[in-house]
Amino acid sequence: QFLSRQQGPRVYSVINDPSHSSSEEVEEANSLLGNLKTEPEFKLHKSIFRFYILLLFFGFTFMQGLIWNNWGPIADSADLVYGWDSSVIAFLANLGPIAFVPGFILFPIVINQFGLRYGILLGMFLTCLGAIMRVFTTSYPAATIIMYIAHFLNGLAGPASMGATTTISANWFPCNERTLATGIGGAANYLGVAVSFIIGPLMVRQINSTNHTATELSEVTADIYHMLYVLAGVCVVLFLLILVYFPSKPKHPPSITAKEERSNILQTLRQLLTNGSFWVIFLCYGIATGVNSAWSGLLYPNLSMLRDITVTQVYVGWLGFYSTIAGAVSTIVVGLISDRLPRWKKSFIIVGMVLAALAAFLFTLFCNEMIRVGNSTYFVITFTGILLTLFVNSTIGIYYELSAEVGYPVPEATSTIVLTLSNNLVGFVFLLIAQFPQLGTSWMNWCQAVSFVAVVPILIFTPIRYNRLNKDTVVH
């Protein structure tokens, strides 16, 4: 009566007829029964504040992603005001993955030693401080130096923004809501990037870069200042809300594993180093999403090479917005379905990668003008761009949850932050190559399409064990 419908019959058959079971199955069955004998009785509880906590985290990671991609969609206007060419825009974006490395060391220690509250509070403070610094001046070269520092601080918050979502879902949500919560938290950063494609072109006007008046330049400068003040104000409000109420976990745990005391940081890192399945997920996540994240930040210079249509900042902004909105919705929908089919996570990722590869190859053929469709170019570029982002982002929350499953009993913050390091390492290399304008832009599209194909056979032949789910579902 204490065993779940999934685990009960299997454990019963193994214990009562061990001759037809492997030694590994017998050991796991005994372990599950041993947990029943030693587990003290307690009541699982759903906190009424769990979605409020998720909302505050959503706001933090949303703003961190928006600020990271703030300049790409308004590259022409930034060039006029600050004197930045495409290499400066690429470097500002690259400061995200660069700063991620020291943050990758800092935040697992803070979250595991002091609690989720202090990790999120520190991350929001760094993003808030960077946003405030950006309004100091537009005078060259002081503004450029300040922007570098501000974007480094924002990138330093990246591990908390991208990696703490599984800790929030594990600490605050029952196991049948975890993937949905992780999907919502994981989608927030991408939604921030999506809104950056819109808020920049809407708030900052685009003028002729070679033939403009001093008045027009002054108006563009004022537009940029207004945008930076608004973003800084939102960050300050979010920081204050998190400061007032954001506990690390509810009073009563929502699952068995949520109440456990996990190993210290050094022990968890040693456990991860010897976990082969985790490193396969690490590799696949980095290859697929790292290229896609960096590629999306350079969408405007990429599409501006098209000859059949005139590409403006506004068009690229709306394309990026609709693409990422579609991806965020797919992340949440797939998360909701995955909670009903918790042991199908690998299958969801494989299907998403196959569909993303098909969409990416079509996008590449049209964008590189290997297939030319004249006046229909706007439609096919928009349609295939939205599709590929939808399919890629649908796997984000699943990747996060799968890393937590195979990494257990390593704390979720550690496994997910280590996982997201792969995204930033691959993105760093991609953006580093993009700083050489003589290479052009067509290679970016091919690189993205191939990255999706590369991960499929790796995932197919990798066995996955749902360690955390096994423990959470063994007790009724």
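Helices (H or I, at least four residues) and strands (E, at least two) are DSSP runs, numbered from the N terminus. Trp-84 is found in the loop between helix H4 and helix H5 (86-114).

This is a predicted model: local features need pLDDT of at least 70, side-chain atom pairs count only at pLDDT 80 or more, and totals for chains, interfaces and linings use all residues. Residues are numbered from 1 along each chain as its sequence is written, and side-chain values use heavy atoms, with hydrogens and water left out.

**Overall picture**

The protein has 21 helices and zero strands. Of its 476 residues, 58% are buried. Buried means under 20% relative accessible area, exposed over 50%, and partly exposed in between (1.4 Å probe, protein chains only). The accessible surface comes to about 19,700 Å². Carbon and sulfur atoms hold 67% of that surface. These areas come from the Shrake-Rupley method with a 1.4 Å probe; for residues, only the protein chains shown count as cover. Among contacts with a separation of 6 or more, 84% join residues 24 or more positions apart. Contact means heavy atoms within 4.5 Å.

**Trp-84**

Trp-84 counts as buried because its relative accessibility is 2%. Leaving out residues up to four places away in sequence, Trp-84 touches Trp-71, Ala-78, Asp-79, Ile-89, Leu-92, Thr-144 and Met-147. Its C-alpha atom is separated by 9.6 Å from that of Tyr-140, 56 residues apart along the chain.

**Helix packing**

Axes are lines fitted to C-alpha atoms, for helices over the stretch in contact, and angles run from 0 to 180 degrees between N-to-C directions.

| Helix pair | Angle | Axis separation |
|---|---|---|
| H4 (residues 75-82) and H11 (residues 214-244) | about 110° | 10 Å |
| H9 (residues 165-172) and H10 (residues 178-203) | about 145° | 8 Å |
| H15 (residues 313-340) and H17 (residues 377-393) | about 35° | 7 Å |

With axes at about 110°, H4 is therefore roughly perpendicular to H11. Angles under 35 degrees count as roughly parallel, over 145 as roughly antiparallel, 65 to 115 as roughly perpendicular and the rest as oblique. The crossing of H4 and H11 is left-handed. A crossing is left-handed if the near helix is turned anticlockwise from the far one by less than a right angle, and right-handed if clockwise. From H4, Ser-77, Leu-80, Val-81 and Tyr-82 meet Leu-217, Val-220, Thr-221, Ile-224 and Leu-228 of H11. This contact has seven nonpolar, two polar and no charged residues. Ala, Val, Leu, Ile, Met, Phe, Trp, Tyr, Cys and Pro count as nonpolar, Asp, Glu, Lys and Arg as charged, and the others, Gly among them, as polar.

H9 and H10 cross in a right-handed sense. H9 supplies Thr-165, Thr-166, Ser-169 and Ala-170; H10 supplies Arg-178, Ala-181, Thr-182, Gly-185 and Gly-186. By class, that contact of H9 with H10 has two nonpolar, six polar and one charged residues. Eight of the eight residues of H9 are buried, so H9 is largely enclosed by the rest of the structure. Among these buried residues are Ile-168, Asn-171 and Trp-172.

The crossing of H15 and H17 is right-handed. Its contact residues include Tyr-315, Leu-319 and Tyr-322 of H15, and Tyr-378, Ile-381 and Thr-382 of H17. By class, the H15 contact with H17 has nine nonpolar, nine polar and no charged residues.

**A cis peptide bond**

Most peptide bonds are trans. The bond from Tyr-408 to Pro-409 is cis, with omega near 15°. Pro-409 is in the loop between helix H18 (396-407) and helix H19 (412-434).
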